[in-house]
Every structure is written in structure tokens, then in C-alpha cells.
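Here is a short briefing for a first look at this model. Please keep the sequence and the 3D view open while reading.

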Amino acid sequence: MAAKNSTDFLLDGLSLSNSTVLTADNLTFFDKVSGMPATLLEHGGLLFLEAKIVFAALACIYIGSYGALRRPPSANLPKKKKGKKGKKDDADDEDDQYVQGMLPSDAILFPIMAGTILVGLYYLIKWLEDPDILNKFFQLYFSAMSLASLGKLVGDSLNLLVGFVFPTVWTGSDGKLYHIDSEKRGQWHAHPGTNDQVWDDRKKSPLPGRFSELKLADSTIKLLWDIRRLFLDQWTVRFVVHGIVNEKFPVKFNNILGILFAIGANIIYYTTKSTFLSNVMGYGLSYTSIIIMSPTTFATGTGVLVGLFFYDIVMVFYTPYMVTVATKLDAPIKLTFQGPSRASMLGLGDIVIPGIFIGLSLRFDHYMYYRRQQQLKEIDLETEKISGDEVVTTKRTQRMVVKPDYVNPQGQWGDRFWGTKLTKMFSPDATPALRASAFPKPYFHAALAGYLLAMVTTLWMLIVFNHAQPALLYLVPGVVIAVWATGFIRGEIGEMWKYTEDGSLDKTDVIVEVDGQGNVIKEVEPDKEEDGKEGKDAEASLASSDEKGKLSGGTMAAKEEDKNSKKKHPVFLLSIEAPNY
């Protein structure tokens with residue numbers, strides 16, 4: 001990030017305009033620092049403007065990190081629920097969404113690629129002389145890129161709002177926890193003694209709290225239930241290009257509305273160049289980038305941030321590339337804030353780069369929450385060995401790691417608001433999902449605190465020196481040191497170092513050795529010879545079944561092929577299937 005005393009548009013930075021009179025050049029550093037409180041009071045608009053920048057950055061990282069939560073490898077995959085017709089619900093598949101993981105080599109490649117692109121843009125601008133054509137290209141490119149990201153942001157925001165209007169549980173003034181059932185279109189609470197469902201005939205609508213007993217017409221009540229199902233049920237989008245792709249994935253109605261909003265916002269932005277829409281599109285890009293990108297490990301994430309740390313310093317302090325490119329490009333790659341007498345811009349890189357590391361910290365908190373719930377179960381293992389003409393069977397007792405079942409913590413803000421008393425708002429326990437959403441987050445909170453302190457320091461140095469400041473110079477140490485220091489204080493450096501999101505930790509039926517205090521020493525590797533023997537037996541069995549199937553299945557396969565050849569198939573298909581009501 002950088003700051004400059006002219007109206008700058010920075011690719012990766014923060015800028016102030018009309019601020020050249022804030023400090024005097026002949027003052028020493030300590031004089032400027034000591035006079036800072038008076039300067040801020042004198043320029044209250046500036047203080048408010050910078051507060052908006054810090055809040056916008058923190059809010060984007062906060063919601064993006066929560067949006068990136070998924071099932072950790074320390075928890076079992078949740079069992080799929082069955083629908084009305086016995087089909088398994090696809091909603092649970094969202095817990096294991098794909099994440100683009102980084103490699104250790106990216107710590108070197110990222111700064112090199114960023115520098116190459118930046119230098120290339122610099123000389124391209126010099127060659128074109130008029131960057132208007134380049135601006136139009138980048139505006140069109142980022143507009144197209146923001147369709148999915150802005151649709152995701154708007155869709156998730158609508159899901160949040162719908163959760164407050166149509167929660168699944170709420171607590172009455174009598175302390176009873178009411179559950180709203182869309183299938184039976186009623187509300188019930190558990191009987192204190194037997195936990196049986198007690199249906200309340202006075203609460204016929206899907207509304208919570210006092211709204212549940214409003215005297216409404218039957219048609220209005222039916223409409224409310226239909227609207228609830230419209231927004232909460234899963235829809236299915238299918239995309240087919242014959243011979244290339246055949247994909248089907250679940251969405252919600254809000255996600256469809258989000259895409260439509262994104263299309264409209266892009267059309268308006270491209271014709272009006274609205275600063276507000278540019279901010280919204282940039283926010284969507286940052287939010288989605290934090291969700292889909294992962295440093296994979298803390299070591300890789302630290303390496304990537306340190307590499308970009310030096311890149312930012314060199315490009316801002318020692319070359320003209322960053323400032324020149326940033327002042328010429330006009331695209332939704334920054335957040336722009338307008339004050340009464342000055343404007344300020346924040347580059348998206350100062351949100352996304354630390355944001356993916358902070359998101360990793362939250363997912364590590366999530367991982368440790370379930371890891372502490374794991375139990376060790378004693379099992380008896382038998383091993384057979386052939387000794388001469390005899391088969392010797394040996395028994396030994398080992399311990400197997402039993403993972404807890406995963407409960408999705410996302411989308412619980414509405415239930416927390418309606419189903420939790422004010423005194424327990426930060427530790428809700430009304431439902432398993434609410435308990436899961438309140439897992440301890442020491443690393444996440446430490447990373448946010450480090451980011452906040454670094455942002456304030458950046459803005460402070462910006463005003464003190466009245467000169468361009470690379471924000472990563474402060475953000476990288478602030479975030480990285482805060483997270484690693486938390487691990488050191490908690491004695492969990494080893495767990496941090498081993499944690500990875502490449503899938504290697506997602507194991508089942510893990511056998512471990514423990515010490516006298518019951519602490520896990522190491523995992524017991526399976527016997528390779530036995531595995532090889534079992535593999536050969538399985539291959540032999542499969543080969544045998546294949547031979548049998550060739551004779552009996554040949555005729556059936558021919559008939560099936562002939563039958564399929566007469567069927568029609570879509571060449572191109574894009575469909576949205578609504579659930580049955």
C-alpha cells in the first residue's frame with residue numbers, strides 16, 4: 001500500500017488528496033508525532049475518513065473469513081439428510097467447497113509475477129501515451145470478473161437478512177425454545193420432562209417472537225410460509241456442454257438474485273463509472289478472493305506475505321512503477337472514500353493479501369475446536385503370521401482416534417439473535433449449530449488485532465511523513481507476528497506447523513500410540529505387507545468378477561448402448577430447477 005499527496009489511484013495502496021498542509025517539512029519526526037493529536041483534532045474530517053477505511057477493510061476480512069469456513073479435517077463428514085422422496089440432500093456438500101491452495105514456491109513466484117506485470121503495465125502505458133484504451137480494457141475485464149464475486153457477496157448478504165426475518169428457532173419470554181417447522185408449517189417446543197414436541201396452535205405463521213401470534217388471514221399465513229421456503233430451500237443449477245462439461249450444483253434463490261444484481265450493477269458501472277458501484281464491485285472481489293484462496297499452511301502463508309512485503313517496499317520506495325501505474329489506471333481495484341475536502345483510496349491488495357492469512361487463522365481455530373473434542377477408543381488388533389506350518393495369532397490393544405461429527409456454523413446470526421438471551425449472546429447454546437458457531441477464536445482475534453494496529457500505524461505514518469507508505473511494510477509484521485506469538489504463548493507452535501489444508505490430515509480410523517498421561521505420541525503406520533496382500537486379493541477378486549461379468553453383462557451392455565443411442569441428449573443446457581412445493 002502507498003499514500004501520496006495528490007489524487008492517486010493506487011493498485012495496492014492508500015491515498016490522500018488535498019492533504020499537503022497537515023505537517024511541516026522542517027519538523028523532526030518526534031515533533032510530528034507529538035503534534036499528531038492536535039493535527040487530528042484540527043482535521044476531524046480526516047480522522048473520520050481514515051476510520052471508514054479501517055472499518056471497511058476489517059469488515060471485509062471478517063465476513064470473508066467466516067464465509068471461508070468449511071469442515072476441518074479434525075471433524076467427521078456430516079451425514080447427508082434425506083428429503084421427502086428419500087433422496088440425499090446436496091446442501092451438505094457445500095461444507096467441503098473447493099479451495100485454491102498455495103504452494104511454498106508461491107512465496108517466490110508471487111512477488112516475481114506481480115513485479116513482472118507491474119513493470120509491463122508501466123512500459124505499456126508509456127508506449128500508449130494515452131491510457132484510455134487500457135482503462136477500458138481493465139474496466140471490462142474486472143466488470144466480467146466481478147459478476148460471480150459480486151453475486152456471491154450479494155447472495156450471502158441476502159441469506160444473512162433472510163435469517164433474521166425467518167429464523168429456525170427463537171426463545172419466548174417464558175424461556176421456551178420454539179422451533180419453526182417448514183414441513184408441517186407450525187411451531188413447537190420441547191416438553192420439559194419428556195422432550196416430546198408440543199405444538200402451539202396459536203403460532204401458525206413462520207414469524208418469530210411476538211409476530212408469531214399475529215392474527216393474519218389464512219391466505220397471508222400460507223403466503224408467508226411459501227416465501228420462507230422460496231428463500232431457504234435449495235435450488236439446482238445445471239450446466240451442460242455436450243462432451244465438455246456436465247455439472248449440477250445447489251444454490252439458493254438469493255444467489256440467483258445476487259447474480260441478477262451483479263449483472264445490473266456492471267451495466268450501470270460501465271456506463272456511469274459510479275464510484276459507489278466501483279467500491280461495491282471491489283468489495284465483492286476482495287470478499288470472494290478471501291473465500292476461494294488459501295495459503296494451505298502457516299509456513300507457506302508467512303512466506304508469501306514476507307515476499308510481498310519486500311515487493312511492496314521496493315516498488316513504492318525505489319521505483320516509479322507503482323505510483324505511475326496506479327495514477328493512470330481507473331478500474332474497480334480499490335475502495336474510494338470521499339470526505340468533505342479530500343478523498344482517500346485503499347488498494348484491494350491490502351485487504352486480500354493479509355485477509356487470506358487471517359482466514360487461515362480462523363479455520364485453524366475451527367480445526368483446533370474439533371481436535372480438542374476427539375476421543376481415543378481402545379480397539380483390539382489381531383495379527384496373523386505364518387511360522388513354519390503354524391499360524392501364530394497375536395493380539396494387541398491400540399487406540400483409535402474418534403472424530404466428532406461436524407456441525408455447520410454458518411448462517412446462524414438470525415438464530416443467535418432470536419434464540420439467545422442478551423447475557424449469552426457470545427456463548428449461545430440453544431442448538432448444536434449455535435454452540436458450534438461460538439467456537440473459541442484466539443488466533444483469529446489476534447490476527448484482527450494485529451491488522452487493526454498495523455492499519456492505524458500505516459495511517460499515522462502517512463500523516464507524519466506526508467509521503468507514500470507501503471502498507472504491507474506494517475500489515476505483514478502486524479498480522480504474522482500476532483498469529484505466531486499467539487501460538488507460542490498457547491504452546492501450539494507444533495500444531496500450527498503441522499496444520500495443512502491440502503487434505504492429508506483428513507483421515508479416518510487413525511491408530512495412534514499414547515504415553516502414560518494419555519497424550520498422543522505418534523500415528524501408527526499400517527503394515528505395508530498386509531496392505532499389499534489385501535490389495536492383491538482385492539485385485540484378484542475384481543479380476544474374477546470382471547471375467548464373469550463379460551459373459552453375462554455383454555448382452556446387457558449391448559442392449560443398454562442401443563437404448564441410449566436412441567435417447568436425446570442436450571448439446572447445450574443451462575437450467576435452474578426449483579424445489580417441489
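Helices (H or I, at least four residues) and strands (E, at least two) are DSSP runs, numbered from the N terminus. This is a predicted model: local features need pLDDT of at least 70, side-chain atom pairs count only at pLDDT 80 or more, and totals for chains, interfaces and linings use all residues. Residues are numbered from 1 along each chain as its sequence is written, and side-chain values use heavy atoms, with hydrogens and water left out.

**The chain overall**

- The chain has 17 helices and 16 strands.
- Of its 581 residues, 44% are buried. Buried means under 20% relative accessible area, exposed means over 50%, and partly exposed lies in between (1.4 Å probe, protein chains only).
- Contact means heavy atoms within 4.5 Å. Among contacts between residues at least 6 apart in sequence, 71% join residues at least 24 apart.

**Helix H15 and the glycine after it**

- Helix H15 covers residues 472–490. The expected span of a helix is 1.5 Å times one less than its number of residues.
- The 19 residues of H15 should therefore span 27 Å, and its end C-alpha atoms are 26 Å apart, which agrees.
- The buried residues of H15 include Leu472, Tyr474, Leu475, Val476, Val479, Val480, Val483 and Trp484.
- An α-helix has 3.6 residues a turn, so residues three or four places apart point the same way.
- Gly491 follows H15 and has a positive phi, near 70°.

**Helix H5**

- Helix H5 runs over residues 132–165. Its 34 residues should span 50 Å at 1.5 Å a residue, and the end C-alpha atoms are 46 Å apart, which agrees.
- H5 bends by about 40° at Ser146. The bend at a residue is the angle between axes fitted to the seven residues ending there and the seven starting there.

**The three-strand sheet**

- Two strands pair if DSSP finds at least two bridges between them.
- An open sheet of three strands has the order E8-E7-E16, with antiparallel pairing.
- E8 and E16 are the edge strands; each has a single partner strand, so one side of each is left without a neighbour in the sheet.
- The twist averages 10° from one strand to the next. Axes are lines fitted to C-alpha atoms, for helices over the stretch in contact, and angles run from 0 to 180 degrees between N-to-C directions.
- Strand E7 (residues 234–241) pairs with strand E8 (residues 245–252) over eight bridges, in the antiparallel sense.
- Val241 stands opposite Val245 in E8. Arg238 stands opposite Lys248 in E8.
- Three residues lie between the strands in the E7 and E8 hairpin, where Gly243 takes a positive phi near 80°.
- E7 also pairs with strand E16 (residues 572–577), antiparallel, over six bridges. Leu573 in E16 is the bridge partner of Val240.

**The four-strand sheet**

- A second topic is the open sheet of four strands, in the order E3-E4-E5-E6, with antiparallel pairing.
- Strand E3 (169–171) and strand E6 (197–199) stand at the edges; each has a single partner strand, so one side of each is left without a neighbour in the sheet.
- The twist here averages 35° from one strand to the next.
- Strand E5 (residues 186–190) and E6 run antiparallel and are joined by three bridges. Trp188 has Trp199 in E6 as its bridge partner.
- Arg185 sits in the loop between strand E4 (177–181) and E5. Its phi is near 55°, a positive value in a residue other than glycine.
- At 30% relative accessibility, Arg185 counts as partly exposed.

- Thr296 lies in the loop between strand E9 (293–294) and helix H9 (298–318). Its phi is near 75°, a positive value in a residue other than glycine.
- Thr296 has 9% relative accessibility and so counts as buried.
- Thr500 is in the loop between helix H16 (493–498) and strand E14 (511–514). At 8% relative accessibility, Thr500 counts as buried.
- Not counting residues up to four places away in sequence, Thr500 touches Thr296, Thr297 and Leu505.
- The side chains of Thr500 and Asp502 are joined by a polar contact of 3.2 Å. A polar contact is a pair of N or O atoms within 3.5 Å; within protein, one must be able to donate a hydrogen and the other to accept it, and residues adjacent in sequence count only if both atoms are side-chain atoms.
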